Amino acid sequence: MVQLKQRARLWSNIAIAVGTALATCQIMFGWGSEGGLLLSSGIGAFKYFTVLSNIFSGIVAAVFAVRLGRGREIGPGLMTLKLAATTSVGLTFLTVVVFLAPMYGWLAMYIGANLWLHLLLPLMAMVGFCLVETGGLLPRATLLATIPMILYGAGYYANIVINGVGEPPHVNDFYGFAQWGMDRTPIVFVVIAVITWGIALVHVLLRGKIQARRA
C-alpha cells in the first residue's frame with residue numbers, strides 16, 4: 001500500500017511537470033492559442049499570472065518527481081513551496097470560474113492551451129496535493145503561500161501606475177482590475193490576497209482530513 005501511494009505521488013508530479021512543459025511549448029510557439037483570450041504566444045505570455053503560476057507549479061512538480069524518483073524525502077520547506085504553487089494555480093482556476101469566464105465567455109477560457117492552463121493542470125495540482133502529497137509544512141505556510149500572488153499583484157499595479165491602463169491592442173490592465181477606478185485597485189488586490197490565503201487554508205484542511213481518515 002505504501003509503495004502504491006508513493007508511485008501515485010511520483011506519477012502525479014510527473015504528469016504535472018510534463019503537462020506544464022507541453023502547455024508552455026504550445027504558448028511559446030503559438031500552438032493552440034487560436035481563439036483563446038488572455039493568452040499570448042511567445043515571451044508576451046509571461047505577463048499573465050495564469051502562465052507564471054502554472055510554470056511555477058510545473059517546476060515544483062519536476063523537483064518533487066526527481067527527489068521522489070531517487071527515494072529522497074520531501075521536507076517542510078519543499079512542501080510549503082508545493083502549497084504555494086498549488087495555491088497559485090488554484091487562484092487561477094477560481095478566478096477563471098468566478099470572474100473571467102462569465103466576463104469573456106467559457107469557450108474562450110477553455111480552448112486550446114487555455115484548457116490546460118485554466119482547468120486541467122490546476123485540477124491535477126489541487127487534487128494531487130490533497131490526495132497523494134504527504135509531509136509537514138513550515139509554520140505559517142498558508143500565509144507564505146500568498147507571496148507569489150502578492151509579488152505579481154505589486155508588479156501588475158506598479159505597471160499600471162507607471163504606464164497607465166493602456167488602450168487596445170496594448171492594454172496593461174488586461175485583467176480589468178482597474179475598471180472600478182485606480183483608487184480602488186489596491187483594495188481589489190487585498191481582497192485577492194485574502195482569497196488566496198483562503199485557498200491555501202482550504203487545501204491544508206482538506207489534506208489533513210483526508211490523511212486523518214486514512215490513518
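Me: Among contacts in the protein chain between residues at least 6 apart in sequence, what percentage join residues at least 24 apart?
Reply: The model is predicted: local features need pLDDT of at least 70, side-chain atom pairs count only at pLDDT 80 or more, and totals for chains, interfaces and linings use all residues. Residues are numbered from 1 along each chain as its sequence is written, and side-chain values use heavy atoms, leaving out hydrogens and water. Contact here means heavy atoms within 4.5 Å. Among contacts between residues at least 6 apart in sequence, the share joining residues at least 24 apart is 73%.

Me: In what order do the elements of the protein chain run from the N terminus on?
Reply: Helices (H or I, at least four residues) and strands (E, at least two) are DSSP runs, numbered from the N terminus. The protein chain has 8 helices and 2 strands. From the N terminus on, the order is α-α-α-α-α-α-α-β-β-α.

Me: What is the radius of gyration of the protein chain?
Reply: The C-alpha trace spans about 55 × 35 × 25 Å along its principal axes. The radius of gyration is taken over C-alpha atoms, and the globule rule is 2.2 Å times the number of residues to the power 0.38. That rule gives 17 Å for 215 residues, close to the value for this chain, so the chain is as compact as a globular protein of that length. The radius of gyration is 18 Å.

Me: What percentage of the 215 residues are buried?
Reply: Buried means under 20% relative accessible area, exposed over 50%, and partly exposed in between (1.4 Å probe, protein chains only). Of the 215 residues in the protein chain, the buried share is 42%.

Me: At what angle do the axes of α2 and α3 cross?
Reply: Two packed helices are described by the angle between their axes and the distance between the axes. Axes are lines fitted to C-alpha atoms, for helices over the stretch in contact, and angles run from 0 to 180 degrees between N-to-C directions. The axes of α2 (residues 49–69) and α3 (residues 76–104) come within 9 Å. They cross at roughly 150 degrees.

Me: How many nonpolar residues are in the contact of α2 with α3?
Reply: Phe-49, Phe-56 and Phe-64 are among the α2 residues that meet α3, whose side includes Leu-78, Met-79 and Leu-81. Ala, Val, Leu, Ile, Met, Phe, Trp, Tyr, Cys and Pro count as nonpolar, Asp, Glu, Lys and Arg as charged, and the others, Gly among them, as polar. By class, 6 residues are polar and 2 are charged. The nonpolar count is 13.

Me: Is Arg-207 buried or exposed?
Reply: Arg-207 is found in α8. Leaving aside neighbours within four places in sequence, Arg-207 contacts Met-79, Phe-129, Cys-130, Glu-133, Thr-134, Gly-135 and Leu-137. At 6% relative accessibility, Arg-207 is buried.

Me: Is Ala-212 buried or exposed?
Reply: Ala-212 also has its place in α8. Its C-alpha atom is 34 Å from that of Ala-21, 191 residues away along the chain. With a relative accessible area of 53%, Ala-212 is exposed.

Me: Which residues does Ala-23 touch, not counting residues up to four places away in sequence?
Reply: Ala-23 is in α1, and it is buried at 1% relative accessible area. Its C-alpha atom lies 8.6 Å from that of Asn-114, 91 residues apart along the chain. The residues touched are Trp-116, Leu-117 and Leu-121.

Me: What is the phi of Arg-140?
Reply: Arg-140 is found in the loop between α5 and α6 (141–144). It is exposed, with 63% relative accessibility. Arg-140 is not a glycine, yet its phi is positive, at about 60 degrees.
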